[in-house]
Amino acid sequence: LIYSCRKPKTKRAKRFLEKREPKLKENTKNAMLIKGGNANLTVTEVLKDIYAVKKPFAVLYKKKNITRPFEDQTSLEFFSKKSDCSLFLFGSHNKKRPNNLIIGRMFDYHVLDMIELGVEKFVSLKDVKNSKCPEGTKPMLIFAGDMFDVNEEYRRLKSLLIDFFRGPSVPSIRLAGLEYVLHFTALDGKIYMRSYKVLLKKSGCKIPRIELEEMGPSLDLVMRRTHLASDDLYKLSLKQPKALKPKKKKNISHDVFGTTYGRIHMQKQDLSKLQTRKVKGLKKRPAEKSAESGGVSPKKSKSG
């Protein structure tokens, strides 16, 4: 890595370098939103709205950057190292590819995969006058359409969108926190992105009645170019450290219903010496005891 060979001179620099060191549980992925050299008003508004949805795990570059990610990726890798971001969204506009968005992710500060999308219709956050969710709300992601499971490019796009919008990992969830929905629909060669606010209404029982209120932004997208990682590189990026893998417990199995079964190994028991309930009917007679011991009965015979 870029910081591995540097030695910190101050405590602040040491904390900075420790923050960027490899960890068993990685930090929440940050995204950088970059505006191209010829971005128009639509692309600029899209980047601002996605930044508002993604905050605080995002960095918005307001200055224009003349770069073409599909031809040269060095500038993206430089910005990734500078801002410590593993996700990016690049917006540009030209006559050949109007209202263009490129969404992608990094692996070891190199571009892993990216997909180019064209914006055909856009409704911004400010155009929808409904109430908004607070900043940093973790969204619920819904994907509709067979293409997300059948087509390899759409399947990789689904993985990319989950990575981009999933937010931080949380140990528990409360009902009131489920207030934001991002819905992606793949239909007739287009991807429709819609965002809703969840309204919990009274229903007369413990489970509330759910209503969805459109919040914005909403995008109608079409897929253009793709740059997908090879299967070997993609598999390498998904590899987990051995310390995170759960240890296999011996002699424990589960059935299809989730019931846990355990196998216990015990030494062979001598059931003849097992102490049972003391009942007179089961009590051994003196003759039986002498037969077992192989000796003469201890009872003395009477002399004549």
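**A chat about a predicted model**

Q: What is the helix and strand share of residues 29-232, and how far apart are the end C-alpha atoms?
A: In this predicted model, the span of residues 29-232 is 22% helix and 41% strand, and its end C-alpha atoms lie 22 Å apart.

Q: Which feature does UniProt place at residues 29-232?
A: The UniProt record, an unreviewed entry, places the feature "domain: Brix" at those residues, 29-232.

Q: OK, on to rings. How many aromatic pairs does the structure hold?
A: The structure holds seven aromatic pairs. In one of them, phenylalanine 143 and phenylalanine 184 have ring centres 5.2 Å apart and planes at 15°, so this pair is stacked.

Q: Where do phenylalanine 143 and phenylalanine 184 lie?
A: Phenylalanine 143 is in strand β6 (residues 140-144) and phenylalanine 184 is in strand β7 (residues 180-187), so the pair ties together parts that are 41 residues apart in sequence.

Q: And are those two buried or exposed?
A: Phenylalanine 143 and phenylalanine 184 are both buried.

Q: Why is the pair of phenylalanine 148 and tyrosine 154 edge-to-face?
A: The planes of phenylalanine 148 and tyrosine 154 stand at 70°, with ring centres 6.2 Å apart, so the pair is edge-to-face; the cut-off for that label is an angle over 60 degrees. Phenylalanine 148 is buried, with a relative accessible area of 2%, and tyrosine 154 also counts as buried, at 8% relative accessibility.

Q: Which residues do ring pairs link into a cluster?
A: The cluster linked by ring pairs holds Phe143, Phe148, Tyr154, Phe164, Phe165 and Phe184.

Q: Which residue lies over the face of phenylalanine 164?
A: That is lysine 54, which lies over the face of phenylalanine 164 at 5.4 Å from the ring centre. Elsewhere, the charged end of arginine 225 sits over the ring of phenylalanine 70, 4.3 Å from the centre of that ring.

Q: What classes of residue make up the lining of the largest cavity?
A: The lining of the largest cavity has 12 nonpolar residues, with no polar and no charged ones. Among them are Phe164, Phe165 and Phe184, which also belong to the ring cluster. Helix α5 gives the most to this lining, with three residues.

Q: And what classes of residue line the second largest cavity?
A: That lining has six nonpolar, three polar and three charged residues. Lys54, Lys55, Phe164 and Phe165 are among the residues that line the second largest cavity, and the elements that give two or more residues to this lining are α2 and α5.

Q: What volume does the largest pocket have?
A: The largest pocket has a volume of about 2,000 Å³. It is lined by 49 residues, and the closest to its centre are Lys23, Glu26, Asn27, Lys29 and Ser86. By class, the lining of the largest pocket has 20 nonpolar, 12 polar and 17 charged residues.

Q: Which element gives the most to the lining of the largest pocket?
A: Helix α1 gives the most, with five residues.

Q: Now the backbone. Which bond to proline 56 is cis?
A: The peptide bond from lysine 55 to proline 56 is cis, with omega near 5°, and proline 56 lies in the loop between α2 (41-54) and β2 (58-65). The peptide bond from glycine 216 to proline 217 is cis too, with omega near -5°, and proline 217 is found in the loop between β9 (209-214) and β10 (218-227).

Q: What is the phi of aspartate 84?
A: Aspartate 84 has a positive phi of about 55°, although it is not a glycine, and it is placed in the loop between α3 (74-83) and β3 (87-92). Aspartate 188, in the loop between β7 and β8 (190-201), has a positive phi near 55° as well.

Q: Is aspartate 188 buried or exposed?
A: Aspartate 188 is exposed, with a relative accessible area of 71%, whereas aspartate 84 counts as partly exposed at 28% relative accessibility.

How values were computed
Residues numbered from 1 in each chain as written. Predicted model: local features only at pLDDT ≥ 70, side-chain atom pairs only at ≥ 80, totals over all residues. Heavy atoms only, no water. Phe/Tyr/Trp six-rings, centres within 6.5 Å; stacked < 30°, edge-to-face > 60°. Helix = DSSP H or I, 4+ residues; strand = E, 2+ residues; numbered from the N terminus. Buried < 20%, exposed > 50% of the residue type's maximum accessible area, 1.4 Å probe, protein only. Lys NZ or Arg CZ within 6 Å of the ring centre and 35° of its normal. UniProt positions renumbered as here; feature names shortened; annotations may be inferred. 1 Å grid on protein atoms, 1.4 Å probe; cavity = no way out; pocket = protein on both sides within 12 Å on 5 of 7 lines; lining within 4 Å. Points joined across faces, edges and corners; volume = space filled by probe spheres on them. Nonpolar A, V, L, I, M, F, W, Y, C, P; charged D, E, K, R; others polar.
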